[in-house]
Structures are given as C-alpha cells and as structure tokens.
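This report describes the overall build of a single chain and then turns to two of its residues.

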Amino acid sequence: MAEAISLSSGYRLPIIGLGVWRMEPKSIRDLILSAISIGYRHFDCAADYQNEAEVGEALAEAFRTGLVKREDVFITTKLWNSDHGHVLEACKDSLKKLQLDYLDLYLVHFPVATRHTGVGTTASALGEDGVLDIDTTISLETTWHAMEDLVSMGLVRSIGISNYDIFLTRDCLAYSKIKPSVNQIETHPYFQRESLVKFCQKHGICVTAHTPIGGAAANAEWFGTISCLDDSVIKTLAEKYNKTAAQVILRWGVQRNTVVIPKTSKIDRLHENLKLFDFVISDEDMEKIKGIDRKYRTNQPAKFWGIDLYA
C-alpha cells in the first residue's frame, strides 16, 4: 500500500487519497467499495460536497462485510463556512451522516465565517447584493479553539486547516494549543506555491494538495480554467517515464512530500492514480516541472461568492 506521512498529532496520513468532491451520490457506493478493494485507505470528504451520507453508507458496508476495518481507513471531512459558530453540531452532523464514531481529520474548509444557514445546509450565504455574507463577529481563533475541543472530546483525532495562506497559518500556530496537522491547499505544477508549502512543512504542518492535477475537466467546466495535464513539458516526461501525464504530476506532488487526493469516478483511473511508487522523477526533471509554474489558481470560488477571498 501507498506510503503515509506522519502528522504532528501522531497519526499517519496515507500519501494518496480519493477526493469525493462533485461525485454523483448514486455512484459513490460502487466507487468507494472499488477504491477500498484496490487499496485506497484515505478518503477526503466535506459537508459542502453534500454526499457524506452516501459515503457513510459505502463505508458502513465496507466495515460490515469485512472488506476493511475502521482503524485501517483515514477519513477526512470539513467544517463549512456557515458553521464556524456551530463547530460541535456541525462535526456531529458529519459523523452521523458518515456513520462514524470519530473522524481521522477535521479541517476548517475555508478561513472565513459566513452567515449561519443551519447545520447541514452548506449553500454559499449571499446577501442581496450577490456578495458572500461574511460574519465579522467570529474570529478564526474562536473557530480553532472549538476544533481543539473536538479532539479532547474524542470526536476527532487530528485537526487542520484548508485554503489558509502563510499569514493565516502563522496566526493559527500562534494561538493554537493543538497545532494544525494539515493545511489542504490547491497546488499542482501550474500553481506550485513553493513558499507556502515550505512554510507549512518547516513548521510541521503536512500539506495536502487538493486539485493536484489542476482540476482537469471539472474545473474547466465550472471555472473555465485549463489544466497542466496538457503541458508539453509534462507530456514529454510522461513519455520518458512511460507513465501517464496524471501519474507524472501526482508523482511530482508525492516527491514534494505533499499528500495528493485526486478525484476520479473512473475505475481505471483509480488504478492508475495509485501506481506512483514504481518510478522516481529525477532532480533534473523536477527542476523542469518547477519551470512551468504559472501561479495559476484553477479553483475559483469567487465565481459563486461575488468576492475574491484570495484578493
């Protein structure tokens, strides 16, 4: 099975996981059971993906039939923006839907609190002006201390952050009693974010790369972005190593000591994405990939929020 990275919490996070964002609820059962059979042990969920219940059904079946034990899988889910003032209820809601007694990792999905719309409802709370209704009364520090309480209650083993920049990550380190184990960010060859990755790793925070192959079809459809899958440098290296472009990109991510969570709903891709440990990209070729960075974000929630939170 794929290797794992030791977290500051003492737990180990498998270096490859399956992301379930934008996965059709009806196809989730077969996909997750297939993924477990193939060897996946790390699943990345979120309240906002609106499919925790379906994931929970699949996991329950996997445990019931003896396909895998609970302690052998690593399950992540995330606190949505509108639930920052309701961390305990939101966590319990996710646990109930996932049919779990505890989470392996719970992340603050975005570093912003928005108007509360009711636990379990994760629409983007927009004002009449079409701009995200940000709640300026709840600090990220308050949210983080509520996350820490989940650990002492035994509901969550590790806690972390997502989509935090260097400043916000540094702040979290300053006020935390329990340090964030993970920062999950968009990073791929077109958006390498070397400084943020270095900062996190230097301070004992594991970086998980969401959108690790640059979003491909899903982000092209939603945000009109392009993917590094078609980059000529990547294609040349894929030929050289006799691998697919996606495998080269994911292997690059692994060699940076980042965890990768590619999303796919195709069984052959599930197999393909796991096959990253029978080759090594040379230092020279890692440098070539370094040269194609475009500082290009493909996941752009501003499209839905009427405001660019990364501005």
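Contact here means heavy atoms within 4.5 Å. On that basis, 75% of the contacts in the chain with a separation of 6 or more are between residues 24 or more positions apart. This is a predicted model, in which local features need pLDDT of at least 70, side-chain atom pairs count only at pLDDT 80 or more, and totals for chains, interfaces and linings use all residues. Residues are numbered from 1 along each chain as its sequence is written, and side-chain values use heavy atoms, with hydrogens and water left out.

The secondary structure comprises 12 helices and 10 strands, taken as DSSP runs numbered from the N terminus (helices H or I, at least four residues; strands E, at least two). Along the principal axes, the C-alpha atoms fill a box of roughly 55 × 50 × 35 Å. Of the 311 residues, 54% count as buried; buried means under 20% relative accessible area, exposed over 50%, and partly exposed in between (1.4 Å probe, protein chains only).

| Residue | Relative accessibility | Class |
|---|---|---|
| Ser94 | 1% | buried |
| Glu89 | 40% | partly exposed |

Ser94 belongs to helix H3, which spans residues 87–98. Apart from its neighbours within four places in sequence, Ser94 contacts Ala47, Glu52 and Thr77. Glu89 also lies in helix H3. Between Glu89 and Glu71 there are 18 residues of sequence separation and 24 Å in space, C-alpha to C-alpha.
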